[in-house]
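Please keep the sequence and the model in view while reading.

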Amino acid sequence: MLLIDVIVTILLGAGMFFMFIGAIGLLRFPDFYTRLHATGKCDTLGEGLIIAGLIIYHLFHYPGIPLVAVKLLILFIFIFIANPTATHTIVKAAYNKGLKPWRLGEGRR
Amino acid sequence: MISMFLVIGLLIVVTILLCLYRAVVGPGVFNRVAAVNVIGTKTVVLLVIMGYCFERPLFFDISLLYAMLNFIGTLVFAKYLERGELCF
């Protein structure tokens with residue numbers, strides 16, 4: 001039981017680390033495309049790690065109701081498909097709209 | 001373990017506030033839409049964590065619905081900003 005709690009804590013901490021990295025990247029990068037480069041990957045990985053840790057926690061602490069674990073698994077798969085798709089769609093819309101990518105030496109935009 | 005979930009929930013709220021800065025002052029509409037999308041996907045995880053804090057499995061259904069609505073909303077916003085109209 002204790003080993004499972006340690007594994008869940010490590011997974012939650014790793015997911016939280018990646019989500020913080022994504023938020024800092026969204027704040028600090030100089031351009032729209034670089035900001036989405038940070039958040040589009042780090043958020044997907046961080047949320048996936050957190051939900052994976054919660055699935056393990058649920059399977060070992062509430063083994064009588066596996067339906068909730070199935071719901072969390074559906075959420076995991078949906079986030080892994082939907083989040084990069086949404087990021088790709090926003091970037092494609094911005095590029096077709098004519099937003100220029102940032103180059104070295106320009107100011108923050 | 002409940003206190004662990006509380007700490008994780010508070011840290012998610014801090015990251016949501018960091019993203020809210022970009023959603024408020026971000027130059028241009030695309031930065032704002034991207035920040036709102038990121039806030040929505042963080043809110044999904046926050047709802048799941050809250051379901052474990054309060055021991056209510058009802059929150060997972062709400063988080064599933066919120067994930068789908070956030071995804072559809074971002075797609076519609078991107079399509080509208082790209083074409084200027086919503087006629088497909």
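In soluble globular proteins, nonpolar side chains tend to be buried together.

This is a predicted model, in which local features need pLDDT of at least 70 and side-chain atom pairs count only at pLDDT 80 or more, while totals for chains, interfaces and linings use all residues. Residues are numbered from 1 along each chain as its sequence is written, and chains are lettered from A and ligands numbered from 1 in the order in which they are written.

Chain B has 3 helices and 0 strands; helices (H or I, at least four residues) and strands (E, at least two) are DSSP runs, numbered from the N terminus. The radius of gyration of chain B, taken over C-alpha atoms, is 15 Å, well over the 12 Å that the globule rule (2.2 Å times the number of residues to the power 0.38) gives for 88 residues, so chain B is more spread out than a compact globule. Along the principal axes, the C-alpha atoms of chain B fill a box of roughly 50 × 30 × 10 Å.

The helix α2(B) is mostly covered, with 19 of its 26 residues buried; a residue is buried if 20 or more other C-beta atoms lie within 10 Å of its own, exposed if 12 or fewer, and partly exposed in between, with C-beta atoms placed from the backbone. Just after α2(B), B:E55 takes a positive phi of about 55 degrees.

Leaving aside neighbours within four places in sequence, B:V48 is in contact (C-beta atoms, placed from the backbone, within 7 Å) with A:I51, A:L54, A:L72, B:F59, B:F60 and B:S63.

How many residues does each chain bring to the contact between them? Chain B brings 35 residues and chain A brings 36 residues. On the side of chain B that touches chain A, α1 (2–25), α2 (29–54) and α3 (58–83) of chain B each supply at least two residues, and α2(B) provides the largest share, 12 residues.

Definitions and conventions:
Contact = placed C-beta atoms within 7 Å.
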